[in-house]
Amino acid sequence: MEFTVKSGNPEKQRTACLVLGVYESRRLTPAAEQFDSVCGGTLSNVLRRGDLEGKPGQSLLLFNVPEALCERVLLVGCGREREVDDRRFRQILAHAVAALNETGATEAMVYLTDLAVKGRDLHWKIRQIVEIAEEAQYRFDELKSKKDAPRRPLRKIIINISGRKELPDSEQAIREGAAIAAGMKLTKDLGNMPPNLCTPTWLAEQAQGLAGEFPALQVRILEEAEMEQMGMHALLAVSRGSAQPAKLIRLDYRQGPAAQKPYVLAGKGVTFDTGGISLKPGEAMDEMKYDMCGAASVLGTLRACAELQLPLNVTGLIAAVENMPGGRATRPGDIVTSLSGQTVEILNTDAEGRLILCDTLTYAERDEPAAVIDIATLTGACIIALGRHPHGLFSNHPPLTHALQGAAHTASDRVWELPLWEDYQEGLDSNFADMANIASHRDGGAIIAACFLSRFTKKFHWAHLDIAGTAWKTGKAKGATGRPVPLLTQYLLDRAAEVSREEGRIEK
Ligand code: BES
Ligand code: MN
Ligand code: ZN
């Protein structure tokens, strides 16, 4: 979809559809008020007759409004003026775009930037409009033989701004929103792909495709033989039962100052998690195709980063494996030596994410990273603890925690911190190896998993995002969400802003 910004009075717009807001109860927003006063009170008449209360979720389409140059007007309910927060704004926008898709208009001019959203500026509103509009258009119908595309899909949204002064920042907001939305789309497409097609080898090919599309990205695939030689026996233990070879995918984006240490994003890429010999129960097992969403979000974020040409050095690492039972599969009780040299007693082959990530994290040491963030659909326990709204956040470095909390707020892609206290570590004691891969109790499972990873991250600043509850939706609206691409991209945007500030300081 195409997005532009434009200033000007609503009645003067030659557009297929004007989108104006109505607060509850039956109160026009400033732009709607302006339009109404010029167009003979048409809107207030409609409201007076009781056709639109202004509740969120309501909308009304008007034709032939006198004195106006537009073909249609879509009035959108916005709820009570004082209650418009992030959540409400996003609901209003999602509803408006859905309603637009039901009209014959292929283009629309949206005036909902005049809503006052608590604590949010124009930049945020524009970015949200772009992200939500793209989200509403998203379909994964590649594998349907008959696709039900909308008759005349919405192709262009013009976003109103109040004056030329706001133009540069607004255009930047569109660029950011579009890059994030494209990154999310890539992440969703990869996540939704069925596990017979989305294998570690296929994921590696997708990374190569992305690097082909963006010359700033360099890709390297490490094969099993090389991983074996290095000593990544924890990672390789997971893919032993599978006919699909494991791949460690490495993407390098080097557009920052030569002296800048890289930011590393490490993604869990289990293309299907049966649990291995510790087989999962059958119910909803299909959803374990989403166990590579961490990996998909690394690709999506790198895509956004490359599209925005951020002046940073970023490395993406993806541990791609399939976790299957089989004659050669790892057994509960097996002990392996990780790349770090620490030995691990694998008591449950379903706790495989931490096994592939621990070797990937140790591998990241070689890059002397500025920070490492791993992203993983790691534990069902994280869903029990936090539900499906925030990502679980763990870190060994409080400033990194703060930076991620800040980015989460800016991007409206929420996180919630969970503790990494020493007290939990003893859960991982093993009688026969340096540690076990699970605790003997079920309490605090998300924390125990993070504690396991923390033993491999002593040499750098590290954060772990458990996205088990946020990477996809279950039930009728089943599908990947594209999260946490907004959070990660914002984190990198903030680092890029730091670089620019730094350069400014040096020049002065
Ligand atoms: N991929 C799963 C975690 C998961 C489960 C994410 C359900 C989303 C929904 C992970 O590999 C796993 O199986 N974790 C186990 C760990 C346990 C064996 C300690 C879990 O959460 O049950
Ligand atoms: Mn598992
Ligand atoms: Zn898993």
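Analyst: Strands are DSSP runs of E with at least two residues, helices are runs of H or I with at least four, and both are numbered from the N terminus. D334 lies in strand β12, residues 334–337. The model is predicted, so local features need pLDDT of at least 70 and side-chain atom pairs pLDDT 80 or more, while totals for chains, interfaces and linings use all residues. Residues are numbered from 1 along each chain, chains are lettered from A and ligands numbered from 1 as written, and side-chain values use heavy atoms without hydrogens or water.

User: Why is D334 called buried?

Analyst: Buried means under 20% relative accessible area, exposed over 50%, and partly exposed in between, with a 1.4 Å probe and protein chains only. D334 has 19%, and therefore counts as buried.

User: What makes the site of the zinc ion (ligand 3) octahedral?

Analyst: Donors are N, O and S atoms within 2.8 Å of the metal (3.2 Å for Na, K and Ca), and water is not among the atoms, so sites may look incomplete. K268, D273, D291 and E352 supply the protein donors, at 2.0 to 2.4 Å. Six donors count as octahedral if opposite ones are over 155 degrees apart and all others between 65 and 115. The six donor atoms here make angles of 79 to 175 degrees, and the site is classed as octahedral.

User: Which residue coordinates both the zinc ion (ligand 3) and the manganese ion (ligand 2)?

Analyst: D273 coordinates both ions, which are 3.2 Å apart.

How values were computed: Four donors count as tetrahedral if all angles lie between 85 and 135 degrees; four count as square planar and six as octahedral if opposite donors are over 155 degrees apart and all others between 65 and 115; anything else is irregular.
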